[in-house]
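Hi,

Here is the structure I promised to pass on. My notes follow below it.

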Amino acid sequence: MEPVLAIFVGLLFTTAIYLMTSRHTIRILMGVAVLGNGVNLLIFTSGRLTRDVPPIIPAGLDAPLIPIANPLPQALILTAIVISFSFFAFLLVLGFRAYQELATDDSRDMRLAEPADDPLPPLGY
Amino acid sequence: MRTLIFRTVAPYLSTLMIVFSIFVLLRGHNEPGGGFIGGLIAASALAIYGIASGVAPVRRAIYFHPMNIAAFGVVLGAVAGVVSIFVGVPFMTGLWIYPVIFGVEVPLSTVLFFDIGVYFAVVGTIGSIALALEERDEI
Amino acid sequence: MGAEAAGTTLAMMLLPFIAALFAPFLVRQLKQNAAWVLAAAPAAIFIYMLAHLDAVSAGGTITGGFAWIPSIGVDFSWYIDGLSLTFALLISGIGTLIVIYAGGYLKGHPQLGRFLSFILLFMGAMLGLVLADNFLTLFVYWELTSITSFLLIGFDHTREASRRAALQALIVTGGGGLLLLAGLLLVWNVTGIGSMSELLAAGDVMRDSPYYLAALILVLGGAFTKSAQFPLHFWLPNAMEAPTPVSAYLHSATMVKAGVYLLMRLNPAFGDTVAWETILPVFGGTTLIVGTLLAVRQTDLKLMLAYTTVSSLGLLVMLTGFGSEHAIEAAVLYLVAHSLFKGCLFMVAGTIDHEAGTRDVTRLRGLRAAMPITFAAALAAAVSMAGLPPFFGFLAKEEIYYALWATSPWALTFTLVAIVGNALMLVIGFAVALKPFLGSPVQTPKHAHEGPVMLWLGPVVLASAGLLAALLSGFFHAGISTPMASAVAGEATPVSISLIPSIGMPLFLSILTVAVGIGAYLAVDQLRGAIAKVLAAIGWGPDRGFDQFMRGLVRFSFRATALLQPGRLDFYVKVTFAFIALALLLPMVMFDELPQWPAWPSDIRFHELAIIGIGILGLFAVIVAKDRLTAIVSLGIQGFAVALIFMLFGAPDLSFTQFMVETLSVVILALVMTRLRLNASDYRPTGERIVSGAIAIAGGLAFTLYLLKVTQGTLDMRLTEFFNEFSRPIAHGANIVNVILVDFRGTDTLGEIAVVTVAGLAILALLRVRTRHRTRSVVDAPIAPRTAEGEA
């Protein structure tokens with residue numbers, strides 16, 4: 001099953017990178033969201049796949065009897081999902097505010113910090 | 001979005017979701033669930049209520065500012081970790097007690113309080129974001 | 001050396017830094033009189049160092065130190081022998097006088113506290129430099145002197161000339177310091193020796209090393225920049241922009257001698273080779289001649305002195321390079337004599353400037369009556385500089401001619417160089433000491449009168465020291481000259497010269513020098529005109545070259561920045577991902593580590609394929625979507641597909657979380673983005689599509705291959721097994737994922753919820769800043785603080 005997911009992960013990354021190379025903040029945002037999924041699935045698949053058996057110890061036992069899904073990547077991903085969501089929201093608001101302030105969603109028009117016609121710095125001392 | 005049916009159902013739906021979120025939170029240690037998921041469910045409940053009835057009723061209903069709830073969550077998590085120091089074991093070591101309340105043995109632990117802290121942090125932050133964005137929608 | 005004595009030495013080395021810390025507060029309380037208090041620090045060091053005189057003159061050395069970075073063998077250690085002790089005495093002794101002088105010179109200056117603080121900082125650095133034993137300790141102090149010199153030259157930072165001079169000095173001497181570091185590290189690597197004392201004890205190790213020449217050139221790079229050897233001499237005259245106490249202390253008596261100190265220190269280990277005995281005299285001799293000629297050209301008192309400092313340093317380098325016993329004795333004597341008379345003359349120049357209001361030698365006449373004490377000190381120093389009896393300079397000059405005189409063409413050349421140099425120094429010495437004082441008084445910008453005791457104390461003490469050292473030469477040689485010369489030569493080198501001249505070639509050469517000097521002094525104006533004409537004809541010098549270099553550097557970095565950071569986000573993203581793809585793919589291809597071609601998984605089920613298929617459709621739809629809402633909904637589809645995959649492969653927690661997050665994402669995206677009135681489609685020109693597409697496909701391919709490679713390898717399951725085994729028994733939880741989150745890795749989770757909360761705060765802050773309907777036209781305006789209108 002891993003090879004199929006490997007291809008799916010590759011497609012997630014392809015989509016994410018293509019969207020993020022756009023000039024428009026909305027597409028960049030979507031790219032970031034897809035990238036998060038790609039990374040999470042990458043970690044998940046690296047921890048190997050086990051069908052249907054969640055990492056829960058059955059009642060009355062001290063340790064699982066049958067092979068269970070790897071809990072370690074799951075723990076990593078769970079927090080990653082929540083954190084990437086909060087940063088997604090932050091980027092979203094940032095893009096929205098940039099649109100309100102600069103009246104554009106085209107990153108090439110956002111030259112406040114790095115003006116296009118930046119003059120040569122002074123040559124004196 | 002604000003159809004009559006939605007507006008009528010939303011408070012009940014939100015209430016149900018919050019109760020469910022607490023259930024998910026508390027069973028989290030032994031069954032699927034936990035603070036992160038519970039918090040997200042509760043935050044969704046706030047978001048739904050906000051979309052249906054406007055943000056002001058939600059803010060009245062939860063009384064505290066959501067960011068305060070989030071901060072409380074972080075502090076609760078930290079305090080739950082600090083407790084272990086007073087017993088002479090390293091930071092964040094889980095401590096358990098089993099008091100019997102009304103004839104039922106209830107397992108209580110610092111770990112549980114830590115998870116509740118996570119729950120509050122998530123519900124506060126995500127709820128706060130959702131409400132703030134909805135608020136701008138109304139202006 | 002006992003621990004107690006080591007502690008005292010360390011305390012003495014730290015004392016200037018501590019005094020520097022308190023200087024501003026003391027000045028606030030006591031005004032310029034704080035200088036008397038602060039001068040106690042260098043005076044204490046001077047006395048402490050004097051106490052070592054007996055032990056050191058008996059041929060002993062004092063070492064000590066503390067471990068600094070033991071893991072790489074770096075110690076904070078010191079090494080006191082005749083050489084470093086003489087330097088320490090000069091630094092602390094002259095330093096005491098300079099601190100007092102600075103109090104008088106900058107009396108009433110609002111930044112006097114800062115100035116004294118910098119001077120004391122420099123003193124600590126310089127003291128550490130000459131006492132340091134470990135190479136890295138030495139380097140740290142070396143660069144610290146460059147930095148404090150930068151601060152002092154740029155003290156009057158409102159003037160552009162000061163800033164330029166400060167930067168120039170920092171770049172030249174700091175750059176030289178880096179060469180020195182490279183040289184010392186080379187020595188360390190080649191020989192395994194990391195400190196001066198070991199290097200001196202190791203004899204021929206360095207000379208026999210194949211890396212000798214490389215190490216020598218690097219070390220000389222450090223010494224020659226610091227000691228202003230031609231053609232890197234130009235920073236030193238420019239450093240005269242600093243207040244005069246700085247010029248007297250750093251740029252004549254102490255710091256510029258750090259290069260000479262280094263050469264003298266390394267002479268036993270590096271010297272006595274053809275390279276050493278060629279490079280040093282040639283550079284030193286050239287510097288001597290160029291320096292004196294340029295000095296004659298000047299009319300500013302300080303600049304005249306500055307150029308003679310350059311030539312004196314050249315003379316010292318030349319003598320050190322000769323390496324004969326007499327040459328080393330001469331270098332030692334001249335170094336001490338120079339520190340005394342040059343420090344004195346600089347202070348005199350400063351006093352004249354302070355009291356008369358100008359330093360232009362053509363506008364100063366007849367100050368003799370107004371400033372008798374200063375005149376006496378100036379005359380004494382000038383006589384010493386001219387090498388006339390009964391001053392210490394005479395001994396030094398006699399010894400120089402003893403050292404140089406021989407009949408080979410090589411020696412004759414340098415004898416001639418020395419005669420010309422010394423004669424011209426006599427000219428400058430008298431031009432500084434006589435011209436302003438003799439003749440009939442003229443109108444000066446300020447009404448000239450004798451300065452206060454703070455201003456004349458330093459010159460008088462230094463001039464008297466020059467006299468006493470010559471009169472009591474027997475004591476002086478026993479205590480100072482012989483131990484120092486022995487340390488430089490690496491063997492016992494008794495110094496015996498005294499004021500009673502022996503009839504011979506050296507005396508004859510001295511008389512010749514004086515005759516040439518007096519002749520030149522009478523013709524000084526013509527000489528000045530001639531040199532000015534020659535310089536005008538050349539028209540270019542290293543000083544202008546420095547400006548050209550700096551401007552070129554700024555232009556180059558500006559172009560490089562514009563090329564690498566064009567200010568376009570999409571460019572940055574493209575470069576980043578192209579590099580990531582390359583970093584993943586290249587090693588796999590280069591080391592033949594590509595994954596095996598996978599077999600089609602036999603156990604795959606239809607519904608799994610269907611879910612992945614839906615996810616791919618969602619991705620495709622996101623890319624091709626013509627309007628925003630379709631794109632947002634399609635985004636949700638791929639997210640739910642991922643959630644279902646989690647569900648199918650035993651991760652219900654992840655699945656639920658992913659469902660919630662995707663729902664919330666779609667909702668807030670829709671909330672925000674549907675409110676923007678924008679061109680909906682993602683328009684890109686075809687060329688850009690191809691570039692982006694290529695990078696995206698390369699990135700996707702890279703991660704697919706990487707993941708295949710990872711899953712074809714073995715997985716270390718130890719951690720997982722630990723969690724599975726102990727989740728129930730010690731953490732009392734059945735849901736292992738939750739146990740990891742809240743118990744085993746609880747501290748991580750605490751950090752993570754804090755991050756989530758901070759992100760939430762940042763979002764609220766962003767939203768609460770009110771829109772101010774900024775239009776493109778105000779983009780250039782500076783961003784005003786946004787405090788007043790914060791609350792929504």
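A word on annotations first: UniProt positions are given in the numbering used here, feature names are shortened, and annotations may be inferred rather than shown by experiment. This is a predicted model, where local features need pLDDT of at least 70, side-chain atom pairs count only at pLDDT 80 or more, and totals for chains, interfaces and linings use all residues. Residues are numbered from 1 along each chain as its sequence is written, chains are lettered from A and ligands numbered from 1 in the order in which they are written, and side-chain values use heavy atoms, with hydrogens and water left out.

Chain B: an unreviewed UniProt entry lists residues 5-126 as "domain: Na+/H+ antiporter MnhB subunit-related protein". Residues 12-29 of chain B are 89% helix and 0% strand, with end C-alpha atoms 28 Å apart.

Chain C: β1 (residues 62-69) and β2 pair in the antiparallel sense over 7 bridges (pairing takes at least two DSSP bridges). Thr63(C) has Tyr79(C) as its bridge partner in β2(C). 4 residues sit between the strands of this hairpin, and Gly73(C) takes a positive phi near 70°.

Also in chain C, Trp405(C) lies in the loop between α18 (392-404) and α19 (409-433). Its C-alpha atom is 7.5 Å from that of Pro506(C), 101 residues away along the chain.

Cheers
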